[in-house]
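Please have the sequence and the model open while reading this note. The points below go through one chain, then its partner.

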Amino acid sequence: MYRTGAGQVAALNDLDLSIAPGEFLAVMGPSGSGKTTLLNCLSGLDDIDSGSVVIAGEDLHQMSDATRTRRRAAQMGFIFQAFNLIPVFSAVENVELPLLLAGKSPAEARKRAEATLETVGLGARKNHRPNELSGGEQQRVTIARALSGDPLIVWADEPTGNLDSETAMQIMDLLVALNRDGLTLVLVTHDQTIGEMAGRVIKMRDGRIESTATTA
Amino acid sequence: MSAQALPPLVILLVVAILVIAYQAVRRPFLRRLGLRSALRRPAETGLVIAGSLLGTAIITGSFIVGNTLNTSIRQFAFTQLGPIDEIIRVPDPAQAPGIESKIAALHDPRIDGVGSLVAIPASAASSASGSRRAEPQTQVVEANFDALESFGHDPPTTGLLGVTPAPGHSDISQDLADSLDAGVGDRVTLYMYGSSIDVTVDRVLPTVGIAGFSTGTSNSSLSPNAFVAPGTVADAISAGLPPGATPPQDLVIVSNRGGVTDGAAVSSGVTSAIERSLGPSSTLRVDEIKKDLLDAADQSGKQFSSLFLDIGAFAIVAGILLLVNIFVMLSEERKSQLGMLRAVGLRRVDLVRSFMIEGAIYALAAGALGGVLGIGVGWAIVKIAAPIFSGAGDFSLKLLFSMTAASVIGGACIGALISLVTVLVTSIRISRVNIIRAIRDLAEPRLAKMRRRTLVGGLALSLAAGAGFVSTFGNKDAFALAILGPPMVLFGLLPLGTRIIGRRTAVIAVALTSLVWGIFGNTVTGGQFFDGGNLFAFVLQGILLVFAAITLLSQSQETMEGGIRRIAAKRLSLRLALAYPLARRFRTGLTLIMYSLVIFTMTFIAVLSTVFGSQIDTATHDAGGGFNIYVSASGSNPPTVSDIASVAGVEHASPVLYGSVLYKPDSVTDPQPWPVSGITKDLVDVGAPTLTKRAAGFTSDARVWDKLIADPSTVVIDSFFLQKGGGGPGTVYAAPGDNLQVIDPITNKTSTRTVIGIVSYDPNFAGAYMSARSVRAAFGKQVSASRFYVSTAPNRETAVTTALQGRFVANGVEAKTFRRVVEDQQRISTQFLHLMQGYLALGLLVGIAGLGVVMIRAVRERRREIGVLRSLGFLSQQVRAAFLIESGFVAFEGIAVGSVLAIVTAAQLVSHGDFGKGIHFLIPWVQVLVLTGAAFVASLVATAWPARQASRIAPAVALRVAD
């Protein structure tokens with residue numbers, strides 16, 4: 001429930017969703033349908049009023065904030081539409097953040113972060129700060145950051161929303177390739193073309209799942 | 001602040017506001033933009049105003065301190081003069097009636113009263129309280145109450161209601177009654193001219209007007225007067241004038257038309273008229289005593305106002321930096337919005353206008369509230385300072401809190417104008433935003449090529465600053481050019497240096513050289529920084545040092561960054577905390593300068609306070625030379641030197657001729673009264689006071705003193721020569737090598753003396769030293785042999801002072817060890833320095849509050865980033881820790897830079913004799929640690945709330961909400 005000045009609004013309602021390991025799920029729907037809220041609730045960024053979100057056998061919302069936060073660091077990766085890199089950190093410093101949060105040594109974190117940046121094709125730009133990178137490059141850094149900690153699942157909220165179509169396709173190709181390598185990916189998008197790249201698409205309206213379709 | 005200075009300020013502010021208002025009316029879009037930006041977040045608007053108003057409060061508070069000093073000193077016009085505006089000292093009492101008649105015959109409408117008094121120094125004693133109490137500075141006054149009651153046509157202002165005391169009776173002033181603990185009906189013994197007279201107290205007169213009459217020549221704020229029957233003094237002197245005594249003088253007193261203070265306005269005209277009436281052959285001098293007192297009050301008020309304003313300048317600069325910092329943060333927060341506005345057609349000047357509309361709201365609110373808060377600041381200073389002033393012994397002053405509308409309104413106007421100018425300058429910088437880079441939040445590129453006009457402008461600045469520095473080298477009044485000239489030369493060369501050796505190296509070179517100049521420049525220029533006695537030199541030096549040090553630190557952080565990152569590698573909170581200040585150097589630099597400035601001054605004053613406080617031995621030796629007791633006696637009845645020498649324990653006694661005479665160095669228009677001490681060769685042989693400066697050609701203090709004894713045309717002055725105002729460094733009226741005229745205050749006889757040295761410390765107000773021969777030649781009998789330098793056997797000084805005071809009560813002897821006098825003065829100085837520290841704490845408040853404001857804005861600015869970090873797995877505690885560490889890091893750097901600079905600068909100044917010879921440098925470690933520790937903890941406390949807010953940010957909300 002979202003509390004507004006006018007009262008309460010049910011952002012999500014009557015949802016039952018299972019995501020299999022290695023699955024690529026696309027969440028689609030019109031603006032205000034609850035896509036991002038669903039992603040936030042599933043990842044534990046937002047609280048829910050009732051129900052449960054179970055990941056690897058544990059209910060995320062029964063955990064304390066600290067435990068849930070540690071679980072995010074250990075098991076999840078995030079990709080945002082607005083990139084959301086830390087502006088005062090270089091690309092490699094951004095990427096190694098989740099590794100350090102997961103308790104890796106600084107040397108190991110740096111090594112793996114550099115390797116991940118190489119994977120997304122940004123090895124040469126590792127010491128640049130976000131505002132010295134293009135939008136596509138920033139999103140690649142975000143993807144590298146999301147992947148660097150070997151997460152169980154990656155949440156991507158409109159990852160191509162700020163990119164031109166060519167760059168968007170490059171980013172999606174990268175994500176699809178990663179999914180093929182076993183990454184579980186939940187992606188929110190408006191874009192039908194991008195949605196069709198997922199294994200399963202759920203369409204939302206008014207906080208409910210309106211339809212589910214398997215594409216592959 | 002004077003009322004005359006107010007209209008231009010008000011006009012300036014009104015014009016500025018009208019210009020802004022015109023833009024707001026003419027451009028509704030800009031008005032909406034400016035107003036809504038200011039009013040959108042009331043809490044943050046409140047913080048901006050709170051950060052800006054302290055500077056205004058400090059300015060207003062300083063003005064109010066000046067008002068209070070002015071009013072308090074002006075009070076003496078009521079308590080010690082009343083209707084008396086001019087006095088004429090008449091050496092021959094028989095002349096007085098004739099002079100009165102001549103003045104009365106003028107029928108000058110500006111004169112509404114003429115009379116005469118006889119006033120002589122004496123001493124008094126009484127056993128009324130059960131124990132014998134004495135007042136060695138009593139003034140015996142003969143006055144005809146019947147004639148003087150109506151003097152000036154305002155009887156209450158004379159304090160002389162009633163009848164003239166009969167022989168054997170006396171009316172005493174409240175001050176004398178308090179001193180002797182005597183009252184109506186008690187018996188009091190008056191000692192003058194070698195005789196004693198027992199009188200019965202008929203009345204205790206209020207310390208008002210003629211009843212409280214004092215010429216102020218003793219610099220005492222008290223009026224221990226005993227009014228006796230006419231003829232009493234003549235009877236006392238009938239047996240002859242005792243050796244060394246000053247003969248009695250008649251004082252013809254004149255009242256100008258108007259109230260107690262209004263009458264002084266026509267003093268110059270009245271004086272001219274009186275001088276004409278006395279005829280061209282007359283050598284008598286008309287002393288504009290009321291006007292001089294009021295002028296001294298104005299001067300004191302201005303000096304204290306300036307003192308607090310100068311010290312407060314650090315806090316004002318800190319406040320300005322805070323405002324700049326806030327606006328830079330606001331602009332960065334609104335960067336994309338500004339880019340969009342520019343993209344849709346808003347011109348740069350429109351952005352400036354919009355910011356000015358927003359800034360005007362902050363400036364006016366901060367000005368108004370700061371003015372009100374300034375009343376509280378002024379009141380608090382006066383409350384804290386009152387015991388210090390009232391406990392200053394003979395120089396005590398009762399502070400009467402006073403403020404004028406001009407001070408409050410003027411302070412508010414100045415504060416508002418400073419804020420407006422700050423916003424204008426910052427807005428112009430902000431408006432130079434590149435549209436695309438702003439919209440896309442891209443980094444600003446470094447200038448690829450130096451503009452030609454920048455290069456030429458820089459070289460022109462260098463040349464101008466260099467020429468100014470060279471042409472004023474050695475001129476103590478050109479302290480600003482001495483301090484800032486060389487750094488400005490280097491600053492002007494920066495564009496050229498950037499081309500040749502690269503920007504970073506050039507900036508480091510300029511900053512490092514400026515820093516070295518700031519520390520050692522005073523020594524290099526032979527004391528040009530501080531010799532003019534202007535406290536603002538210290539402000540400029542502090543600002544130069546702190547700016548240079550912080551620039552150096554900011555530029556060096558690239559080098560330090562690697563090391564810091566390695567240290568912080570394992571601790572994410574630490575890494576995050578250090579990343580922001582290291583990345584945003586301009587903003588961090590502003591905050592650091594703000595912080596360092598205040599810590600610099602507070603530490604500097606703490607160090608100086610300790611250094612001076614620990615110099616009792618040195619100061620005692622400087623003041624006393626080879627003597628350890630200073631004896632003062634009644635000018636009408638001094639003991640002889642052989643009387644003094646006969647006291648058990650006295651090893652040596654040297655007599656000093658003492659009196660108040662007039663001096664006119666070239667730097668003043670009218671002759672000024674100041675004490676003179678006529679010394680003999682045997683004082684010099686035993687050991688004269690230490691000198692702080694000698695004229696050219698003298699290789700030692702001893703040679704100066706020998707010359708003084710041998711050459712009657714020479715004089716040694718004290719370091720506060722002719723400074724009446726107090727309140728820190730004042731005007732330097734004469735220097736070694738200067739000539740000054742010395743004038744007999746009664747006969748107007750004038751002669752010239754050359755200054756050959758300056759005494760470093762004169763706690764007994766001995767004034768200017770000349771040889772006894774020289775003093776007799778210049779002032780005849782107007783000086784008395786009433787001072788003595790005494791040396792005793794070791795550890796006998798206490799016994800000797802007690803014996804001297806007990807044995808010579810009739811002579812009005814006061815004996816004090818130099819150590820005791822020095823300790824008393826050091827105590828007052830230390831208290832005053834503590835008051836300064838307290839005042840500076842207001843600046844610290846600006847710094848701490850500023851850090852809090854900056855961190856609050858940082859939380860808002862980084863809201864989204866905090867959301868990201870939380871989503872990645874940052875714990876809320878880590879977020880809180882990161883903010884606290886960041887604040888602690890900035891505070892630590894600011895504290896370290898400020899305190900180290902203060903200690904190094906103080907060490908340099910002390911070790912090179914800039915504060916006097918033989919002063920040993922000391923660091924008050926405990927005080928410095930407490931000060932810096934408290935500042936550090938306060939900074940963390942100020943950040944606690946924003947850090948907590950940051951830790952509570954819900955990641956989903958932060959990521960979803962754009963702003």
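1. This is a predicted model. In chain B, take the contacts between residues at least 6 apart in sequence: 84% of them join residues at least 24 apart.

2. Chain B contains 31 helices and 19 strands. Along the principal axes, its C-alpha atoms fill a box of roughly 105 × 60 × 55 Å.

3. How does the radius of gyration of chain B agree with that of a compact globule? For 963 residues, such a globule would have a value near 30 Å, and chain B has 33 Å, which agrees.

4. Of the 963 residues in chain B, 55% count as buried. In soluble globular proteins, nonpolar side chains tend to be buried together.

5. The largest nonpolar core has 364 residues. Val27(A) and Leu840(B) are the residues with the most contacts inside this core. Helix α9 of chain B, residues 289-333, gives the core its largest share, 24 residues.

6. Which residues does Val27(A) touch, leaving aside those up to four places away in sequence? They are Lys35(A), Leu38(A), Leu39(A), Val186(A), Leu187(A), Val188(A), Ile202(A) and Met204(A).

7. The contact between the chains takes 24 residues from chain A and 23 residues from chain B. On the side of chain A that touches chain B, the elements giving two or more residues are α1 (35-43), α2 (65-75), β6 (76-80) and α3 (91-101) of chain A. The largest share of that side, six residues, comes from α2(A). By type, the residues on this side of chain A are 13 nonpolar, five polar and six charged.

How values were computed
Residues numbered from 1 in each chain as written. Chains lettered and ligands numbered in written order. Predicted model: local features only at pLDDT ≥ 70, side-chain atom pairs only at ≥ 80, totals over all residues. Contact = placed C-beta atoms within 7 Å. Helix = DSSP H or I, 4+ residues; strand = E, 2+ residues; numbered from the N terminus. Nonpolar A, V, L, I, M, F, W, Y, C, P; charged D, E, K, R; others polar. Rg over C-alpha atoms; globule rule 2.2 N^0.38 Å. Buried ≥ 20, exposed ≤ 12 C-beta atoms within 10 Å, placed from the backbone. Core = buried A, V, L, I, M, F, W, Y, C linked by C-beta atoms within 7 Å.
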